[in-house]
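Here is my note on the structure you asked me to look through. Please keep the sequence and the picture open while you read.

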Amino acid sequence: ALFFNACTGILIGANSSNNLKDPINSIPKGTLSAHLSTLGLYILLFILFGCVGTRSALTDLTVIVSAEIAWPHRWVVYIGIILSSSGSALQQIHSAPFIISSIADDDMLPRIFNFLKGSYIKSLAFTVVLICISICFGSIDQAAPLVTIFFLLCYGGVNIACFLLDYLGSPNWRPKWRYYNKLTAFAGTVLC
C-alpha cells in the first residue's frame, strides 16, 4: 500500500511555527482540527462515490470517476487537480527549506550538508535539486514508494522522539497540550 501524502498540508502549521503568534496552542488545535475535518471529508467522499459508482467503475484505474460525474463538464475536475497539486507543491517548496535549514542548524545531518546551515537560499537550492531528481523518475508510480518511505520515516521519527523524551523524563520536555499521552506517541510510531 502507498501512503498518499495529501495530508502534508495538515502539518503546514508546524512547518511555519516561527510565523505563528501562539505556536504552543495553535499547532495542536490546528493540526487536530485539520485531521478531523479531512477525515470527515474523506469519509463523506467514500460514501458519495459508493452511492454513484459501481464497483468496476471505482476500481478501474484508467478512469477518473469524479471527472465522469462532474457538472457542468469534466474539465472542472482536471483543472481542480492541476491547481490543487500546484498549490500543494508550491506550499511544500516554501516550507521545506526552513525545515532543512533548521535540521542542519541542529547538526542532525552528516557533515557533508554543513553548507545548508543558516542559509534559506542554499536550502531552497537543495530542495529544488531533490525535486528535479524526483521528476527524473518520469512516473509518479515510481516516485510514490520513495515518497511514502520518507513521509512514514518522518512521522515515525517525530512520534518516537516524543515518546522517548517523555519516557526518559527529559527535563526540557514539557508538552503543554492536555490530551498528550506517551502511549499515543508510541502507537503512532508502531503504525508508521
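The points below go from the whole chain to single pairs of side chains.

1. Overall make-up. This is a predicted model, and each remark below should be read with that in mind. Along the principal axes, the C-alpha trace spans about 55 × 40 × 30 Å.

2. Burial and surface. Of the 192 residues in the chain, 16% count as buried, a label given to residues under 20% relative accessible area. The chain exposes about 14100 Å², and carbon and sulfur atoms supply 70% of that area. When contacts with a separation of 6 or more are considered, residues 24 or more positions apart account for 42% of them.

3. Charges. The chain carries 11 positive and 8 negative side chains, and the centres of these two sets lie 10 Å apart. How many salt bridges are counted? The count comes to two salt bridges, and both are described in the next two points.

4. Glu68 and Arg74. The side chains of Glu68 and Arg74 meet in a salt bridge, with 3.6 Å from N to O. Glu68 is partly exposed at a relative accessible area of 44%, and Arg74 also counts as partly exposed, at 37% relative accessibility.

5. Asp107 and Lys117. A salt bridge joins the side chains of Asp107 and Lys117, with an N to O distance of 2.4 Å. Asp107 and Lys117 lie in the loop between helix 5 and helix 6 (120-135), so the pair ties together parts that are ten residues apart in sequence.

6. Phe98 and Tyr120. A search of the whole structure finds seven aromatic pairs. One of them is formed by Phe98 and Tyr120, whose ring centres are 4.7 Å apart and whose planes stand at 35°, so the pair is tilted. This pair links distant parts of the chain, since Phe98 is in helix 5 and Tyr120 is in helix 6, 22 residues apart. Tyr120 is partly exposed, with a relative accessible area of 29%.

7. Phe113 lies in the loop between helix 5 and helix 6 while Phe126 lies in helix 6, so the pair ties together parts that are 13 residues apart in sequence. Phe113 is partly exposed at a relative accessible area of 24%, and Phe126 counts as partly exposed at 22%. Ring pairs link Phe113, Phe115 and Phe126 into a cluster.

8. Phe98, in helix 5 (residues 75-105), counts as partly exposed at 32% relative accessibility. Phe98 and Ser16 are 82 residues apart in sequence, and their C-alpha atoms are 8.3 Å apart in space. Ala187, in helix 8 (residues 182-191), is partly exposed with a relative accessible area of 36%. The C-alpha atoms of Ala187 and Pro23 are separated by 24 Å, and these residues are 164 residues apart along the chain.

Conventions:
Residues are numbered from 1 along each chain as its sequence is written. This is a predicted model: local features need pLDDT of at least 70, side-chain atom pairs count only at pLDDT 80 or more; totals for chains, interfaces and linings use all residues. Side-chain values use heavy atoms; hydrogens and water are left out. Helices (H or I, at least four residues) and strands (E, at least two) are DSSP runs, numbered from the N terminus. Buried means under 20% relative accessible area, exposed over 50%, partly exposed in between (1.4 Å probe, protein chains only). Contact means heavy atoms within 4.5 Å. Accessible areas come from the Shrake-Rupley method with a 1.4 Å probe; for residues, only the protein chains shown count as cover. Lys and Arg count as positive and Asp and Glu as negative; His and the chain ends are not counted. The place of a charge is taken as NZ of Lys, CZ of Arg, CG of Asp or CD of Glu. A salt bridge is a side-chain nitrogen of Lys or Arg within 4 Å of a carboxyl oxygen of Asp or Glu. Rings of Phe, Tyr and Trp (its six-membered ring) pair if their centres lie within 6.5 Å; planes under 30 degrees apart count as stacked, over 60 as edge-to-face and the rest as tilted.
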